[in-house]
Structures are given as structure tokens and as C-alpha cells.
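Please keep the sequence and the model at hand while reading.

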Amino acid sequence: MSDSIEKVKERARKLRMEIETHNYRYYVQDNPTIPDAEYDQLFRELQQIEQLYPQLITADSPTQRVGAAPLKVFSQITHLVPMLSLNNAFVDAEVAAFDRRVCEGLYVGHMEYTVEPKFDGLAVNLCYENGVLKTGATRGDGYTGEDITLNLKTIKSIPLSLPVYDPPPLLEVRGEVLMLKTDFVVLNQRQIAKGEKEFANPRNAAAGSLRQLDPRITASRRLTFFAYGVGRYQDPHMPQDKHSNVLAYLAALHFPVAKECTTITGLQELLQYYQRIAVQRDNLPYDIDGVVYKVNSLAQQNELGFVSRAPRFAIAHKFPAQEAITQLLAIDVQVGRTGALTPVARLKPVFVGGATVTNATLHNADEIERKDVRIGDTVIVRRAGDVIPEVVSVIMEKRPVYTTSFIMPSHCPVCGAKAVRLANESVSRCTGGLFCPAQRKQAILHFASRRAMDIDGLGDKLVDQMVDQAIVRTPADLYRLGLTALANLERMAEKSANNIVRAIEKSKQTTLARFIYALGIRNVGEATAKDLAAHLGSLDRLMATNSERLQQIPDIGPVVAQSIVDFFAEKHNCEVIEQLRASGVHWDEYEGKSVLTVAAAPLSGKTFVLTGALPTMSREQVKEKIEELGGKVSGSVSQKTDYVVVGTDPGSKYEKAISLGITILDEAGLLALLK
């Protein structure tokens with residue numbers, strides 16, 4: 001081989017090592033050290049070399065992870081050492097019995113264990129010969145598994161070759177292939193976009209992906225591997241003392257090992273580990289269905305041996321099942337605090353996830369249609385930790401002939417108001433925001449919030465008490481509150497009650513924009529409320545305006561316009577507004593003008609910047625007054641700034657305004673300008 005070919009061969013070798021190092025940092029350590037573009041450049045360079053010099057392609061090249069022709073059927077591989085299953089423990093007493101048997105069998109008082117999560121994936125065996133991955137197989141029946149070598153090579157967290165200069169002649173690595181929760185969500189989103197069936201859970205997704213006859217399909221679904229042991233090996237460096245050291249050795253060979261693996265001593269610490277992982281379970285990046293306890297000493301493992309098809313030195317402590325099968329008896333509709341209508345499945349009671357479940361969410365009408373859920377179906381229910389139970393799927397084979405389809409109601413089941421579903425949303429919502437009992441607390445809290453009616457002191461706990469005790473049903477009831485009613489509430493002193501009464505009285509004088517925002521109309525935020533007030537000038541005109549006219553106002557599209565029309569179409573909303581006006585809530589309106597165009601506003605086109613603290617006005621008050629007159633408040637000074645309003649302790653904005661020659665105003669100058 002010429003010198004030039006030797007140089008190319010050496011370059012290819014270095015590229016393979018560098019790419020695999022970056023694969024390890026990205027897929028195993030989750031700590032990439034180069035940007036994706038640079039990684040892609042290295043990969044393309046290696047591809048180009050191998051295209052020009054096919055004789056330099058090696059079995060462990062990163063380019064060979066994908067690209068083999070689809071298989072017609074999987075061949076079989078016999079495991080050199082059987083892949084035995086574990087006995088299970090479901091209650092603490094069974095773990096105590098296991099620990100007692102271990103200690104009695106070894107004539108010791110207490111035992112050191114390696115403890116680790118029990119992955120909910122697919123067990124596989126990787127066989128390396130002279131440091132290169134030769135075959136990979138499923139567990140199968142424990143003695144013979146399916147040859148899925150080509151599919152396993154697509155998983156980038158599995159080393160194609162061992163990163164050592166003196167690789168062992170033989171090394172079998174046992175572990176689990178699984179799909180991380182985030183990758184599972186992405187996969188199902190892709191399935192939905194393509195109109196294909198979703199996977200029920202990450203385990204099914206991983207198993208289905210590994211058993212694809214076309215490795216390219218496997219490669220398109222991001223899978224992950226975690227090592228938890230070894231089979232047959234001829235390796236002088238393999239630790240001979242403890243299982244925990246075997247795991248450390250595998251990690252040094254760039255195999256992923258769960259960070260939660262550790263060593264403990266005695267029964268009490270076993271149970272504490274179980275509880276600790278149970279608490280962490282929902283926040284782990286992958287699904288687990290329990291924890292595994294193994295005697296740490298390899299010599300003691302050999303001494304204990306095996307019984308039937310399971311080792312005596314290890315046991316799986318299982319969590320309560322997170323999925324169960326039951327019957328869907330009915331579908332009701334609940335109304336949330338924001339008016340969202342959520343269909344809820346009423347179930348035949350079933351024990352799942354450590355609790356008896358009788359209700360489960362169905363999310364929305366689209367989900368019911370997509371999963372083809374019907375009343376009377378046999379369904380799979382999933383409950384994970386404190387997450388609300390959900391109906392995962394229907395078992396079609398068990399569907400009876402008498403099932404009935406569900407239809408989302410056209411009106412709120414709580415208050416009877418019209419239920420609408422906007423074009424950009426997947427849920428239907430009740431339009432009776434100001435009077436719907438299901439939305440009372442949310443509506444009142446929003447109404448009293450600082451940027452709305454600004455009723456100081458009216459927080460969550462106080463509103464909860466007032467609504468729960470039926471003192472307040474709508475925002476209008478706030479203005480009928482007496483000192484006695486407030487003072488009788490829990491943890492409410494007379495002074496505090498007085499302060500709230502004064503804050504409520506003060507809030508009667510407001511602005512049209514604040515009042516519109518306080519109504520809590522769906523999709524109407526502060527900016528939209530200000531636009532509506534500026535362009536229409538009157539609440540009555542707003543209530544009478546149709547969708548087409550509303551859409552003539554800048555930044556108001558058909559969705560927002562329809563939300564406004566639907567809100568004022570509800571008779572009960574209008575009644576609450578009239579009660580608020582009758583209670584003395586008022587604001588200035590633009591008399592005689594059906595439209596106050598932005599161009600006609602006194603400060604139209606003027607940009608203000610605020611810096612420092614003003615003597616008598618808050619920044620929010622200043623901003624509101626400027627915007628009422630058509631001006632704009634910006635956060636930074638530029639040549640387009642017209643005025644900089646300066647208070648005490650101004651910052652760098654003041655200095656920049658001086659350097660640019662921008663007009664400086666103090667509070668008195670600002671008030672004069674506003675007048």
C-alpha cells in the first residue's frame with residue numbers, strides 16, 4: 001500500500017475514534033463538547049474517505065450503524081451463558097425473606113448489595129470479539145434469542161468497538177434497550193403527524209423498534225442502552241471481586257450505566273433505596289418498574305448459586321403496576337377554572353399505580369376520536385405517581401356490540417352557557433366566564449389582579465373562603481361586601497378587612513382598558529384591551545360590535561373577535577357587567593366618537609423611556625397614561641426615542657439620552673405634557 005493510502009487509512013482511523021468519542025459524550029454522558037455542525041463535518045469526511053476507498057471500511061465504523069438491507073426474518077443466537085430472569089418481590093416482607101435467606105445461606109449477619117433501577121425495556125446481550133461488536137441478541141427464552149445485530153448497531157450509545165488498545169478476545173455485555181421519555185413523546189408526535197398508530201408506552205416503542213426487519217426504521221427511532229452485567233468473557237482486566245466494580249469497568253469501556261446504581265448494606269437500606277427511587281421515578285428520564293438488589297460479592301454470588309431459572313443472590317422489588325385493564329362505564333364532562341370542558345372516563349374500579357382508580361382523563365374530543373374510545377369499551381388505564389390517570393388505549397378485541405360513541409356537549413354542563421371551540425384550540429370552553437360556578441375563583445382572582453381592577457389584598461386564600469362560603473358568586477358581589485362579612489372570615493382581622501373594603505372602593509374608579517381586561521374574555525390580554533378601549537372608546541359600543549368590525553382594529557383577528565362576540569352574547573355576563581356599573585364602577589369614555597383612531601391620539605407616534613423612581617407615580621401608572629394618549633413606552637434609548645422621563649437614581653439610560661440630545665422630562669414636565 002502506498003504512503004498516500006497509509007495516510008488516508010490513518011486519517012480514517014482517527015476519524016472513527018473521534019466520532020465514537022463524541023457519540024459517547026453526547027449519547028452516554030449527555031455532555032457534548034462540539035456543535036452538531038462540526039460533528040456532521042467529521043462524519044461526512046469519513047463517509048467520503050470510505051466511498052473513495054471501500055477497502056478501508058471496517059465493521060466498527062460509525063458509518064456502518066445504518067445501511068444494511070432489510071432482513072426477511074431474524075436468525076437465532078444461542079447465549080454462551082444463559083440470560084436468566086429474576087424472582088420478584090412485591091411487598092417489604094418478601095424483601096425481608098430474601099435478605100434472611102441470603103444471610104443464612106452465607107452464615108453472615110448482614111449483607112452488602114448493589115442496588116439499581118429495574119429498567120422497563122428489552123434485555124439484550126452484546127458479544128464483542130477482539131474488541132469489536134460481532135453479534136447482538138434479545139433474551140428470548142433465556143438460552144436462545146433473536147439476532148438483532150444490525151438494529152443494535154444503530155443505537156449510538158452502544159460502542160461498536162471497545163476504546164482500549166488491548167481489547168479482550170471475548171466479552172458479553174448484558175443490558176437493557178429502552179426509549180427515553182422525551183424521545184417517546186417525539187416519536188408519537190411523528191406517528192400522529194403521519195396518521196399512524198401511536199405507541200402505548202416507551203417499552204412497546206423500544207421493543208417494536210428493535211424488532212424491525214429494516215435497520216433504517218430502527219435508526220429513525222432514538223433508542224438508548226444501559227449495561228447492567230456481563231455474560232461469558234475472556235478478559236484479564238475484568239474485576240473478580242465485586243459486581244459494583246464490574247459496572248465501573250463497563251462504564252470505563254464507555255457503556256452507559258445508570259447513575260442511580262449504588263451499594264448499600266442490610267435490609268433497612270434496601271427498603272430506603274426502594275422508597276427513594278419510587279419518589280424519583282416520575283422524574284427519571286426513562287421508565288422503570290422496580291429496583292434490583294444483587295449480592296455485591298461475586299464469590300458470594302457463586303456460593304449462593306441458582307434455583308430453577310433465577311439466581312439466589314438477586315431479586316427484583318417491583319413497583320405497583322402503572323397500567324391496568326378495566327371497563328369504561330360512562331363519560332362525563334368536567335369544567336375547569338378557565339372554562340375548559342374535559343371529558344372524564346368513569347371506570348369500573350381497578351387497582352393501578354398503588355391506588356384504586358375510578359376516573360381517568362380523556363383529554364379532549366380529538367383524543368377520544370383518535371383513540372376511538374366508546375362507552376362500554378375495555379380500556380388500558382395508566383397512572384404514574386401523582387399524575388392524573390388517563391385512558392391509554394382501547395382493547396379492540398374485547399369491544400362489545402353495545403358500545404356507544406361520545407358527543408361533546410354544545411353547552412356548559414355546569415351553567416348552561418354556550419360551549420365553543422376556537423379554531424386554534426383542541427378543547428371546548430364555556431363562555432359564561434363571569435357567572436359560571438366552575439370558573440368563579442379564577443374569574444374573581446383575575447378581576448381583582450393588579451393589572452386589572454387592582455384590588456390590593458384580595459389573594460387566593462381569601463377568594464377561596466369567600467367562594468366556598470357563598471359570600472361571593474360573581475365579581476359584582478365584591479362591591480356588596482360589608483366589613484362584618486369580611487371580618488368574620490378565618491385569619492381576617494378588622495384592620496385587614498378595613499383595608500380590603502377601602503381597596504374595593506378605590507377600584508371603582510378605573511379605566512376602560514383595565515375594565516375590559518378584568519372581564520377575563522378569552523384571548524383578550526392587556527394589549528388587546530387597550531386597543532379595544534382606544535378604538536371604540538365605549539363599553540356599550542364594544543358590546544354591540546360584530547366580529548367583522550372588530551377585525552378592522554389592528555392586531556385583532558377572527559379568533560379574538562369571535563371570543564369577544566361569544567362573551568357578550570351570554571346574557572349572564574351582561575347582567576354581571578350591569579351590576580358592576582350599578583355598584584359604582586366607572587371610567588372615562590370618549591363621548592361622541594365611535595372610533596378613536598391612533599392617529600388622532602395626542603401622543604401618537606411618540607416614544608418614551610422611563611428611568612429612575614418618580615416622586616408620586618409608579619412606572620405602571622406612567623405607562624398607562626402615556627398609552628391612553630397614543631404614546632409608546634420602550635425599554636431602551638435610541639435615536640428614535642422622543643422623551644426620557646427621569647426620576648431619582650436614574651441609570652445609564654439617562655446618560656445615553658444626554659449624549660443623543662433627547663428631551664429629558666421630570667415628573668412635573670411629564671404631567672404638563674400629558675395635560
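Does R370 count as buried, partly exposed or exposed? In this predicted model, where local features need pLDDT of at least 70, side-chain atom pairs count only at pLDDT 80 or more, and totals for chains, interfaces and linings use all residues, R370 counts as partly exposed because its relative accessibility is 35%; buried means under 20% relative accessible area, exposed over 50%, and partly exposed in between, with a 1.4 Å probe and protein chains only. Residues are numbered from 1 along each chain as its sequence is written, and side-chain values use heavy atoms, with hydrogens and water left out.

R370 belongs to helix α11, helices being DSSP runs of H or I with at least four residues and strands being runs of E with at least two, both numbered from the N terminus. Leaving aside residues up to four places away in sequence, R370 touches I192 and E198, a contact meaning heavy atoms within 4.5 Å. Although R370 and I192 are 178 residues apart along the chain, their C-alpha atoms are separated by 9.3 Å.

## Nonpolar cores

The largest nonpolar core has 81 residues, and those with the most contacts inside it are M466, L478, F515 and L532; such a core is a set of buried Ala, Val, Leu, Ile, Met, Phe, Trp, Tyr and Cys residues joined through side-chain atoms within 4.5 Å. Its largest share, six residues, comes from helix α16 (residues 512–518). M466 touches L458, I471, V472, L478, L481, L486 and L489, not counting residues up to four places away in sequence. A second, separate core of 33 residues includes L122, A207, F225 and Y249.

Helix α17 buries T528, A529, L532, A533, H535 and L536, and these buried residues pack against α16, α18 (539–544), α19 (547–550) and α20 (558–569). After α17 comes G537, whose phi is positive, near 75°.

## Cavities

Two cavities of 30 Å³ or more are counted, a cavity being a set of points, on a 1 Å grid over the protein atoms alone, where a 1.4 Å probe fits but cannot get out, and its lining residues having an atom within 4 Å of a point. Grid points are joined across faces, edges and corners, and a volume is the space filled by probe spheres set on the points.

The largest cavity holds about 80 Å³ of space and is lined by R451, T511, A513, R514, Y517, E526, K530, E620 and E624. At least two lining residues each come from α16, α17 (526–536) and α22 (619–628), with α16 giving the largest share, three residues. By class this lining has two nonpolar, one polar and six charged residues, where Ala, Val, Leu, Ile, Met, Phe, Trp, Tyr, Cys and Pro count as nonpolar, Asp, Glu, Lys and Arg as charged, and the others, Gly among them, as polar.

The second largest cavity, with about 40 Å³ of space, is lined by T361, L362, H363, E367, I368, K371, V373 and V391. Helix α11 (residues 365–371) gives the most to this lining, with three residues, and the lining divides into four nonpolar, two polar and two charged residues.

## The five-stranded sheet

An open sheet of five strands has the order β2-β13-β10-β3-β9, with mixed pairing; two strands pair if DSSP finds at least two bridges between them. The edge strands, each pairing on one side only, are β2 (88–89) and β9 (262–265). Strand β3 (residues 112–119) pairs with β9 in the antiparallel sense over four bridges, and the bridge partner of Y113 in β9 is I264.

Conventions. 1 Å grid on protein atoms, 1.4 Å probe; cavity = no way out; pocket = protein on both sides within 12 Å on 5 of 7 lines; lining within 4 Å.
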